[in-house]
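Here is a friendly briefing to read alongside the structure.

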Amino acid sequence: MIYADPGDSFAEWREAARGLLARGVRPDEVVWSGGGQAGLFGNAAADDDAAPCGTFRVPAEFLKLARAVACYESVERWGLLYRLLYRIAGGRRHLLEIESDEDMRCARLMEKAVNRDVHKFHAFVRFREIEVEGEKVFAAWHEPQHFTVEKAVPFFVRRFGDMRFSIFTPKLCAHWDLEELKFSPGVERVALADDTTEDFWLTYYRAIFNPFRLKVGAMKKEMPVRHWRTLPEARLINELIEEAGRV
Amino acid sequence: MELKTKLSVLADAAKYDASCASSGSKRERPKGGIGNTEGMGICHSYTPDGRCISLLKLLLTNVCIWDCSYCVNRRSSNVRRARFKPEEVVRLTIDFYKRNYIEGLFLSSGIIQNADYTMEQLVLVAKKLREEENFGGYIHLKAVPGASEVLLKQAGKYADRLSANIEMPVQEDLDKLAPEKTIGEIEDTMGTLRAEIDESRERARADKKSARPAGAGETFAGAGQSTQLVVGASRSSDSVILKKAEELYKKFKLRRVYYSAFSPAEFTSPELSRTPTPPMREHRLYEADWLIRHYGFSASEITAQIADGNLDLTKDPKLAWALAHRQLFPVDVNRASRSLLLRVPGIGVRNVDRIVKIRRFHRIGLADLVRLKVSMNRAKWFVVTADHNPDVFNLDKTDLMTRFRRPAEQLSLFAPGPATVVMGEI
Ligand code: SF4
């Protein structure tokens, strides 16, 4: 058995996978771990100096898929990616097009979950305008499900490039100072001062709701309950449902 | 009146416009400004009615000189009235946008003095946003039917999307319910918009060819135009409605037709329907509309097999069509043309494309369809796969219809609102 631990880093997985593939190691001979769980065994794949570092040509589409799957919050992603890589390198060049293949299906599901998490990141971040050392800045607390901070934040730079902002999450924090995007380690919590515009937002949320049609399931499907604690408007939901019951 | 109160009154009045789309337009953030659009719409929140909040949806005012009997804002209604100053709408939009609550603004209005004056006020807000605030986010403006061409042109310069609401499928309905409106005038406005949109596309294409910098010419309503129909206020059937929708798509290249189910609470006109429109009717219309736009169906094909002109509430229109055309099935998923695959109940457009790709490399069996998440409880009766599909032998059984029938109530419970329906595969 060979043990490999790329942590949560796609670059390190790629490095390790290249080495393994060059030595012809079969997927079932590798035990992958991630997020520093390798423990005693260290990183056999990367430690092996004898591994020839060849490069393998794979479809660009595979790299795109692998980059997304790498953000998925589960150790299984590394083994799955290696299995796909091994099969493609072994001659199954069209594997990416066989969406009904079991490995491909898993990878696509993970990719989909990651993309959805990025999308929800873009949708559900709620900035507050606060004052830090006499300066107005925007700050948000968000809880992504997967490792999507680096993937999601450039969107906010494109959109709000003229605003100083920070987005705090348990996984990683991002800071835009009008010139450079910097990342810092994730934090457990952050307390942000109130922002009066939030009252207007809640007023709007209440008024735009149509109490004559209640579709709580449809709402929860698109706005999963686990996001509610970071959405200011969510505190109105139960109250609105109750009121609707009375009309 | 306090701004918060106005916001409450004028958002409440705006919620009957179903459109909240913010997709289909691309704009980079203006230098020194705020906001962009990247083509894909974002739903920033959802309310318990299942609808998405993508745009700050407001009326400039709910005062209206007209008296459309299906509308809460009609002259004779006794709702509380309010009117925003243009700069108030601008402030709310920017404040909300900066906090990432919204993609932009959808601004409509009651008719203030006449069509032109109203249009002018709407344009003024959009102009302030674009020119004074350097706002690059999404703007949807109502195109007031009968407004002058000059004003519509300005509107399209600032807005990503424009919409003139057709309201009813035929003039007789309008005569009874909205006597000031004519289909002719509304369609004239749509025609003006279409001409401007076409011209703007043409310019963009020419720019691209001659390698002139993109956007050298002005874009007119980059996300096109849409419209809305009120369903169930008049007696017009789904056949009439779908025929009209199809005609509008063809004539004016509309991006979308929205259907809004009418509920008769607080409405008094004797011409109005007394019973609330079942939400499922709206849902079925969206499905039929989707089939027309993406599945190669014509309106008459969808409505040919329905007796009273209304869509079957107990099953989706694609399934209803397939059951009425069983002689065309089963379809061999390994051989059939793309257009025939599109007609199989339970297989959506995306899966049709995947199937066409996969079968170049291997023969497709039942397990493939399951893994593709094809809706098997509908599809299984209609397909032949590489392996044995036992259900297909039931295709000709007369009781097949009943195997799909579930209590209507149960169906409506699970029916997502229009915002989610339009994204789904059927
Ligand atoms: S013109 Fe518009 S706002 Fe006025 S009553 Fe008719 S539908 Fe309502």
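**The cavity and its lining**

I302(B), Q305(B), I306(B), L311(B), D312(B), K315(B), D316(B), P317(B) and A320(B) line the largest cavity. This is a predicted model, in which local features need pLDDT of at least 70, side-chain atom pairs count only at pLDDT 80 or more, and totals for chains, interfaces and linings use all residues; side-chain values use heavy atoms, with hydrogens and water left out. Residues are numbered from 1 along each chain as its sequence is written, while chains are lettered from A and ligands numbered from 1 in the order in which they are written.

- A cavity here is a set of points, on a 1 Å grid over the protein atoms alone, where a 1.4 Å probe fits but cannot get out, and lining residues have an atom within 4 Å of a point.
- The count comes to 1 cavity of 30 Å³ or more.
- The largest cavity holds about 50 Å³ of space, a volume being the space filled by probe spheres set on the points, which are joined across faces, edges and corners.
- Its lining divides into 5 nonpolar, 1 polar and 3 charged residues (Ala, Val, Leu, Ile, Met, Phe, Trp, Tyr, Cys and Pro count as nonpolar, Asp, Glu, Lys and Arg as charged, and the others, Gly among them, as polar).

**A helix pair between the chains**

- Helix α7 (residues 197–208) of chain A packs with helix α1 (residues 3–12) of chain B at an angle of about 25°, their axes 8 Å apart (helices are DSSP runs of H or I with at least four residues, strands are runs of E with at least two, and both are numbered from the N terminus).
- α7(A) is therefore roughly parallel to α1(B), a label for angles under 35 degrees.
- In this contact (heavy atoms within 4.5 Å), D199(A), F200(A), T203(A), Y204(A), A207(A) and I208(A) of α7(A) join L3(B), K4(B), L7(B), S8(B), A11(B) and D12(B) of α1(B).
- By class, the residues of that contact are 7 nonpolar, 2 polar and 3 charged.

**Helix pairs within a chain**

- In chain B, the axes of helix α3 (residues 115–132) and helix α4 (residues 149–158) come within 9 Å and cross at roughly 30°.
- α3(B) and α4(B) are therefore roughly parallel to each other.
- The contact of α3(B) with α4(B) has 7 nonpolar, 1 polar and 6 charged residues.
- In chain A, helix α5 (residues 102–124) and helix α6 (residues 149–160) pack at about 35°, with axes 9 Å apart.
- V114(A), N115(A), V118(A), F121(A) and H122(A) of α5(A) meet V149(A), K151(A), A152(A), V153(A), F155(A) and F156(A) of α6(A).
- That contact of α5(A) with α6(A) has 8 nonpolar, 2 polar and 1 charged residues.
- For these pairs, axes are lines fitted to C-alpha atoms over the stretch in contact, and angles run from 0 to 180 degrees between N-to-C directions.

**Backbone details in chain B**

- F329(B) and P330(B) are joined by a cis peptide bond, with omega about 0°.
- P330(B) lies in the loop between α10 (317–324) and β11 (331–332) of chain B.
- E167(B) has a positive phi of about 70° although it is not a glycine.
- The loop that holds E167(B) runs between β8 (161–163) and α5 (171–177) of chain B.

Conventions
Angles under 35 degrees count as roughly parallel, over 145 as roughly antiparallel, 65 to 115 as roughly perpendicular and the rest as oblique. On a 1 Å grid over the protein atoms alone, a cavity is a set of points where a 1.4 Å probe fits but cannot get out, and a pocket is an open set with protein on both sides within 12 Å along at least five of seven lines; lining residues have an atom within 4 Å of a point.
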